[in-house]
Amino acid sequence: MDNTYESNKLLGEYLLFHYGSDDQLMPWSDGPQNGLRFPVRTVRELIDHSSLPSSTTIRAFDVGCSVGRSTFEIASFCDEVAGCDLSHSFISAARSLVDIKELPYEYLEEGDSYQKAVAKVEYDPSKEISFFVADACSLPTELKEFDLVHAANLICRLPDPSLFLNRLPQLVKPGGQLLLATPFTWLNEYTPRENWIGSGDSEQKLVECLKPYFELEKKVELPFVIREHRRKFQYSVSIGTRWRRIGSAV
Ligand SMILES: C[S@@+](CC[C@H](N)C(=O)[O-])C[C@H]1O[C@@H](n2cnc3c(N)ncnc32)[C@H](O)[C@@H]1O
């Protein structure tokens, strides 16, 4: 299957979604402003920073991180954070941002006319931030026991989300937190019908999947806007949840 996340147009779209200014992302003043800065909000609105350990190195993992904005946001709460994504071009962009803190890109204005922009990051150099290509459905076994795992808008893009959900009890250490966001946009082109986590009852099915190992602590609505071009936008609303890993290590 083609990876639609590899195209240049999509790279520009995601760099804009993650690093664009409010005006670049939504140039219409009466457009939905509550959908801006999504990759920051999935971290800031969900994290419980008061319960992160204070005496040990805090390790976090951002799965399906795309071009990495949330990963950089997580770094402000943790000592080490790794982001992974299936897309080589997204990971390459995120790595450039770690190395040189700026990345020129282009996003679609209209037709085949593009606008130039520069993605910029600032982060504390004492933080260890890394990015690598990996499949969320078959993560290497050595990845385990993170204090925090973040996965935004990922599960309904996976061919078999239950493979990822079943890995979560090992990925999150007991007492650690899982930050999930999903709009449950099930589409056969990404996830065959038989692998959907519910249909109409997805929220309840997700709770059933996670309940043996996680306790739901917080739930918020997280709207987001993705700009396709100057006059076309996707507006969606993810359910953002924070889960506490209960029980002992598996
Ligand atoms: C809808 S985007 C969300 C990206 C980012 N988390 C955000 O909130 O903007 C879905 C991301 O999942 C990635 N992805 C799709 N299938 C994947 C897989 N099997 N393993 C890891 N990442 C995957 C895509 O490349 C894309 O970056």
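User: Why is R167 called partly exposed?

Analyst: R167 has 19 C-beta neighbours inside 10 Å. A residue is buried with 20 or more other C-beta atoms within 10 Å of its own, exposed with 12 or fewer, and partly exposed in between, C-beta atoms being placed from the backbone. R167 therefore counts as partly exposed. This is a predicted model, in which local features need pLDDT of at least 70 and side-chain atom pairs pLDDT 80 or more, while totals for chains, interfaces and linings use all residues. Residues are numbered from 1 along each chain as its sequence is written.

User: Where is the place of R167?

Analyst: R167 is in helix α6 (residues 161–171); helices are DSSP runs of H or I with at least four residues, numbered from the N terminus.

User: What makes the largest nonpolar core a core, and which residues have the most contacts inside it?

Analyst: A nonpolar core is a set of buried Ala, Val, Leu, Ile, Met, Phe, Trp, Tyr and Cys residues joined through C-beta atoms within 7 Å. The largest has 59 residues, and L15, V63, A93, A94 and V149 have the most contacts inside it. Helix α1 (residues 8–19) gives the largest share, six residues. Leaving aside residues up to four places away in sequence, V63 touches C84, A136, V149, A151 and L154.

User: How do you know that the radius of gyration agrees with a compact globule?

Analyst: The rule, for a radius taken over C-alpha atoms, is 2.2 Å times the number of residues to the power 0.38. For 250 residues a compact globule would be near 18 Å, and the chain has 18 Å, so the value agrees.

Conventions
Helix = DSSP H or I, 4+ residues; strand = E, 2+ residues; numbered from the N terminus. Contact = placed C-beta atoms within 7 Å.
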